[in-house]
Amino acid sequence: MDVAVPTNAAENPDERRVGLDVGRVYEAALPHLRRIAAGMGLPRADAEDALHDSYVALLQNLDRLDDAENARRWLVRVMVNRCRLHHRQRKRHDRPPTAPATADHDSTPFGGDDAEVVREALGELEGDELAVLVLRYFCDLNATEVGEIMSVPPSTVRSQLRRARIKLAERLIQKGLVDDGT
Amino acid sequence: MAPDTCESWSEQLVDYADGELDQAEHVRVVAHLQACPACWRRLEALRKSLALAQEVWSERAAELEQIPVPATGRGVRTQGRARWLAIAAAAAVLLVVLRPLQSPRPTPVVPPGVAQRSFARVEQEIWEAGMASEMLLVADMLAATPGGEPYAVNRLRFITENYADTRPAREAQVRLAALTERNMP
């Protein structure tokens, strides 16, 4: 929906500065936001809430987000933090990650039980480890970009990635889903 | 997993799989892989476990694609003093547009064979009048806000077009006429 916003720019030269196109910023971030919610295992209802809340948060914080790229990164950070909180709460209450409501065992290249094992293994990772995995390998961000979102240096991202990859592989070997050749 | 002597290679194997090693390290890892079947299997396990995770993520992402996108008001630019107005308007639009999504229109249950159709219709009309009334309230708030009239007009038109048979729609029609008259040159 295109809505022309009346301005008082003529009254104050400082206000002629063109600000953010909120819709464009949000739509540019949306694919990543969805992937983060998916990768971090948010149930559909929570993901829906998180997507809407992130948009409201964007509106509420426009004053400190003058640059579209900063705003997009900020939105991603908001979503990551929300998902980490959800992950931590789920782990604390020892709840298994939720399977997709529309999960069709025949539609995945590996069986539904196997997918459940993978979801469990991912759910056992620490929130930071899962977040960097998702940002790096599902959102296709590099270590520097992931570091900017997670507020850590790229070297820390690499360490977390290594630890997460090794843990995930070991969990899946223990659960018999991945063969270690022994 | 692999023998203890190969544990120390795990991190390099992740970096090797990601193409993150410098030339010297790359050569060193390749040389080790050629001599160590256990590390080769470990590398395969690392790759396969990531591929499985990506399958699970993709499956879930496909489900989340169906989530309706918030009404983003694309094209709204925030500019100086008008920025707060964009926030208020977008929040109002969100409230009005998303409300029906969050509270789906109730479908009255009518027992088969029972002549309750008129009752179901009344229930529907009450619901529509409630929605229209809520939107009218938002439109009034926008109209009372300096510079908010264009948004108010949009809301009022929406009410008259979508809830035409309700009393709020008739009130919206009156307000719309008044706003239009006020803005005539």
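**View 1. Asp140(A) lies in the loop between helix H5 (127-137) and helix H6 (143-150) of chain A.** The model shown here and in the other views is predicted. Asp140(A) is not a glycine, yet its phi is positive, at about 60°. Asp140(A) has 10 C-beta neighbours inside 10 Å, and it therefore counts as exposed, the cut-off for exposed being 12 or fewer.

**View 2. Ser151(A) sits in the loop that joins H6 to helix H7 (154-174) of chain A.** Ser151(A) is a residue other than glycine with a positive phi, near 60°. Within 10 Å of Ser151(A) there are 8 other C-beta atoms, so this residue is exposed.

**View 3. Helix H1 (residues 22-39) of chain A crosses helix H3 (residues 37-64) of chain B.** The two axes come within 8 Å, and the crossing angle is roughly 125°. The crossing of H1(A) past H3(B) is right-handed.

**View 4. Residues of H1(A) meet residues of H3(B).** On the H1(A) side are Arg34(A), Arg35(A), Ala37(A), Ala38(A) and Gly39(A). On the H3(B) side they meet Trp57(B), Arg60(B), Ala61(B) and Leu64(B). Of the residues in this contact, five are nonpolar, one is polar and three are charged.

**View 5. Chain B has a mean pLDDT of 76.** In this chain, 68% of the residues reach 70 or more. Residues 78-82 of chain B have a pLDDT below 50, and this stretch makes 26 contacts in the model beyond near neighbours in sequence. For the complex, the predictor gives an ipTM of 0.81 and a pTM of 0.63.

Definitions and conventions. Residues numbered from 1 in each chain as written. Chains lettered and ligands numbered in written order. Predicted model: local features only at pLDDT ≥ 70, side-chain atom pairs only at ≥ 80, totals over all residues. Axes fitted to C-alpha atoms, helices over the stretch in contact; angles between N-to-C directions. Helix = DSSP H or I, 4+ residues; strand = E, 2+ residues; numbered from the N terminus. Left-handed = near helix turned anticlockwise from the far one by under 90°. Contact = placed C-beta atoms within 7 Å. Nonpolar A, V, L, I, M, F, W, Y, C, P; charged D, E, K, R; others polar. pLDDT = per-residue confidence, 0-100. Buried ≥ 20, exposed ≤ 12 C-beta atoms within 10 Å, placed from the backbone.
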